[in-house]
Amino acid sequence: MDINKRIDKYKLNPAQILVLGFASVILMGGILLSLPIASKSGHSVGFINAIFTATSAVCVTGLVVVDTATHWTVFGQTVIILLIQIGGLGFMSMATFFALIFGKRITLRERLVMQEALNQFNIAGIVRLTKYILITTFTIEGIGAVLLSFKFIPIYGVSKGIGLSIFHAISAFCNAGFDLIGNFRSLTPFADDFLINMVISFLIITGGLGFTVIVEVLQKRKFSKFSLHTKLVLYITGILLLVGFIAVFILEYNNPETLGKLTLKGKILGAFFHSVTPRTAGFNTLPTDKLTTATIFMTMVFMFIGGSSGSTAGGVKTTTAGVIIFTIINIIKGKEDTEVFNRRIPREIINRSLAVIGIAMVLVIIVTMILSITEAGHSFMEIFFEVTSAFGTVGLSLGMTPSLSIIGKIVISLTMFAGRVGPMTIALALAKKQQKNKGLIKYPEERVIVG
């Protein structure tokens, strides 16, 4: 019995298929990483640690319980980067990639799952879009790897330098945050390096924009011709990058543990990079645990928002936050509709945005409460930061991850999974059935007092 027949037998909807698909990839990755051959010590890292690492890789997060460079063998690191690539593109995009190679026909049900995975409004042209996504992804990652090799090869030699360039290019574009620098340092040794900062930042931003946005920008190239979705993504992304840069530059300028010890060039690069990385990337050039409280809090807000819909990023997404922000602005102006760039956003999208943010906030609150009990040795700020980072699939940490308890690792793994798949997708997957005949029956309207 093939996969489509099994799906038909159990009547799985696209959301359920996505959830089970990601879970299957994580399980396979966890099994491979638990093998002794994956660890340099020759001993298994343990199933829980392996599953945690696989979840972090597939969910393109970057939270790690063991150092990626010093613990894992080449086999283990290869498994991790493959999981990152699958998780970044989405398992359906990778399945489509192999189907196209072997000439397999893409069924209607598979197209529906691809539509759900890419957050498209219809299935028309979904296979063609997936082809563009695959070509664009591999091209951008390839360019990034070539540029990074100019820095890594002189430092680490040809073979290791090429390996590091490819690994970090994929990890950055997929917003994963895994690194091979060693000893949990991430990119801090390159805090004032222009090439590393700019290339990694470009890959992070591009991967976080969303595949449909990248394709549309490459095809239309003019802002006035872009769809409302693309305009909103670019607008909100630009604002977050600008606000983040200015805030970090001011807040950390005299902090001797972060920007204070750098040159003016290093301060600018450090502030810019930290405005980029909380958008679900996970790399850091500044020691996260040394940041001021104000910067840490701003970082958590950025992590909660995350990247854009249909991208490699997590969080509630820039468009979701944008819709809510513009709705509030229009309400203040006394308008009944949410208007953006001379377009009106449907009430259905606004309701969905409210649901996504509401579910996300409840999830973060509940997980934070659970970890406050299981990880009693850590401060509230460390726990709250860790949970927000896991949900936003960011990978930044205040140093708490390696010391998580078994329950803590399981809870954070589930949070990363929810953040990558999306709270609404999981909610739909858990729902017994979609509401039928909606709108045929309406109850009487009655007002309540709010505010």
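Modeller: Helices (H or I, at least four residues) and strands (E, at least two) are DSSP runs, numbered from the N terminus. The model is predicted, so local features need pLDDT of at least 70 and side-chain atom pairs pLDDT 80 or more, while totals for chains, interfaces and linings use all residues. Residues are numbered from 1 along each chain as its sequence is written, and side-chain values use heavy atoms, without hydrogens or water.

Biologist: OK. How many helices and strands does the protein have?

Modeller: There are 19 helices and two strands.

Biologist: And what share of the residues counts as buried?

Modeller: Of the 451 residues, 54% are buried, meaning under 20% relative accessible area with a 1.4 Å probe and protein chains only; exposed is over 50%, and partly exposed is in between.

Biologist: Which residues have the most contacts inside the largest nonpolar core?

Modeller: I84, I200 and I412 do, in a core of 79 residues. Helix α8 (residues 126-156) gives the most to this core, with seven residues. A nonpolar core is a set of buried Ala, Val, Leu, Ile, Met, Phe, Trp, Tyr and Cys residues joined through side-chain atoms within 4.5 Å. Another core lies apart from it, with 27 residues that include L232 and M298.

Biologist: What does I200 touch?

Modeller: Not counting residues up to four places away in sequence, I200 touches L148, H168, A172, L187, F273 and F283. Contact here means heavy atoms within 4.5 Å.

Biologist: How many aromatic pairs are in the whole structure?

Modeller: A search finds 11. Rings of Phe, Tyr and Trp (its six-membered ring) pair if their centres lie within 6.5 Å; planes under 30 degrees apart are stacked, over 60 edge-to-face, and the rest tilted. The rings of F173 and F211 have centres 6.4 Å apart and planes at 45°, so that pair is tilted.

Biologist: Where do F173 and F211 lie?

Modeller: F173 lies in helix α9 and F211 in helix α11 (residues 211-220), so the pair ties together parts 38 residues apart in sequence. Both F173 and F211 are buried.

Biologist: Why is the pair of F223 and F226 edge-to-face?

Modeller: Because the planes of the F223 and F226 rings are at 70°, with the centres 6.0 Å apart. F223 is partly exposed, at 38% relative accessible area, whereas F226 is buried, at 9%. F223 and F226 form one aromatic cluster with Y235, F326 and F341.

Biologist: Changing topic, how many residues has helix α13?

Modeller: Helix α13 (residues 264-276) has 13 residues and reaches 19 Å from its first C-alpha to its last, close to the expected 18 Å; the expected span is 1.5 Å times one less than the number of residues.

Biologist: What do the buried residues of α13 pack against?

Modeller: They pack against α10, α12 (228-252) and α14 (293-305). Among these buried residues are G266, L269 and F273.

Biologist: Last one. Where does P189 lie?

Modeller: P189 is in the loop between α9 (158-173) and α10 (194-209). P189 is partly exposed, with a relative accessible area of 40%. P189 and N284 are 95 residues apart in sequence and 9.9 Å apart in space, C-alpha to C-alpha.
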